[in-house]
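Subject: Structure handover

Hello,

Here is the structure we talked about. Please open it alongside this note; what I found follows below.

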Amino acid sequence: MAKTKTAYVCNDCGAEYSRWQGQCGACKAWNTITEVRLVSTSNNKAGRFSGYAGETRAKIQTLSEISLQETPRFSSGFYELDRVLGGGVVPGSGGHPGAGKSTLLLQVMCHLSQKMTALYVTGEESLQQVAMRAKRLGLPPEKLNMLSETSVEQICNLADQLKPQIIVIDSIQVMHLADIQSSPGSVAQVRECASFLTRYAKTRQVAIIMVGHVTKDGTLAGPKVLEHAIDCSLLLE
């Protein structure tokens, strides 16, 4: 039987309560407390959210091993839209999420992979999309290890085999833990995934960079509990 625990968490500061209330006693914000249901069961299927990144069986491979011929672009019929999308629509793509922060991190990771073991985990884009961007930028692909996965448990298991010194998680809003009942991006998933990865980083002595989305006004999208679970928060404008 699954044991379900209900908690009430403030979206602004992350304070937790045993029952709902209108105002958060910690940050004094109104109507920011949300019900969160946590479930812990051995029968929970770990593959419930698997495949979000376009892979059915996750494996680590270097950037140079990724085939660029499997994702031909096709035209949308509108020149301006094709230009914004980088030449057309990529099958399996949800748009062009790597327009800034992902591109910068890809450049950094390709550079660091020349002198240390580096792992880039993509949860939003396919491996082919990342490889195509690296090719356009003229980055060295031989040593950067790539993984397309959204399960935090699976990521950490594979990382234990590779033993990287730095990991990029792109992005934390699509990651999930099997024991959490709610969907990726919810308060419970973001908080627990960030905490799980933070503990992993400290116990394995590995640096982890988590990519997060921002809203139009420049604030971190989704539950703000992420800001309280990590060591450092950087905002790129």
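**Contacts of asparagine 145**

Setting aside residues up to four places away in sequence, asparagine 145 touches Ile60, Gln61, Thr62, Thr117, Ala118, Leu119, Tyr120 and Leu162. Keep in mind that this is a predicted model. Asparagine 145 sits in strand S6, residues 145-148. Its relative accessibility is 11%, so asparagine 145 counts as buried.

Strand S7 covers residues 166-170. How many of its 5 residues are buried? The count is 5 of 5, so S7 is largely enclosed by the rest of the structure. Ile166, Val168 and Asp170 point one way from the strand. Ile167 and Ile169 point the other way.

S7 pairs with two strands, taken in turn here. With strand S5 (residues 118-122), the pairing is parallel over 5 bridges. Alanine 118 has isoleucine 166 of S7 as its bridge partner. Alanine 118 is also among the contacts of asparagine 145. With strand S8 (residues 207-211), S7 again runs parallel, joined by 5 bridges. There, aspartate 170 stands opposite valine 211. S7, H5 and S8 together make a right-handed β-α-β unit.

**Helix H5**

H5 has 18 residues. At 1.5 Å a residue, the helix should span 26 Å. Its end C-alpha atoms are 26 Å apart, so the two values agree. The buried residues of H5 are Val187, Ala188, Gln189, Val190, Arg191, Cys193, Ala194, Leu197, Thr198, Tyr200 and Ala201. After the helix comes glutamine 205, with a positive phi near 55°.

**Salt bridges**

How many salt bridges does the structure hold? There are 3.

- Glutamate 125 and arginine 133 meet through their side chains at 2.6 Å, N to O. Glutamate 125 is buried, at 3% relative accessibility. Arginine 133 is buried too, with a relative accessible area of 3%.
- Arginine 204 and aspartate 160 meet at 3.0 Å, N to O. Arginine 204 lies in H5 (residues 187-204) and aspartate 160 in helix H4 (residues 152-162), so this pair ties together parts 44 residues apart in sequence. Arginine 204 is partly exposed, at 43%. Aspartate 160 is partly exposed as well, at 26% relative accessibility.
- Glutamate 192 bridges to arginine 191, with the closest N and O atoms 3.3 Å apart. Glutamate 192 is partly exposed, at 22% relative accessibility. Arginine 191 is buried, at 12%.

**Cysteines**

A disulfide is a covalent bond between the sulfur atoms of two cysteines. A search of the whole structure finds 0 of them. The cut-off for a disulfide is 2.5 Å. Cysteine 156 is buried, with a relative accessible area of 4%. Cysteine 193 is buried, at 0% relative accessibility.

Best regards

Terms used
Residues are numbered from 1 along each chain as its sequence is written. This is a predicted model: local features need pLDDT of at least 70, side-chain atom pairs count only at pLDDT 80 or more; totals for chains, interfaces and linings use all residues. Side-chain values use heavy atoms; hydrogens and water are left out. A salt bridge is a side-chain nitrogen of Lys or Arg within 4 Å of a carboxyl oxygen of Asp or Glu. Buried means under 20% relative accessible area, exposed over 50%, partly exposed in between (1.4 Å probe, protein chains only). Helices (H or I, at least four residues) and strands (E, at least two) are DSSP runs, numbered from the N terminus. The expected span of a helix is 1.5 Å times one less than its number of residues. Contact means heavy atoms within 4.5 Å. Two strands pair if DSSP finds at least two bridges between them. A crossover is right-handed if, with the strands pointing away from the viewer, the path from the first strand over the helix to the second runs clockwise.
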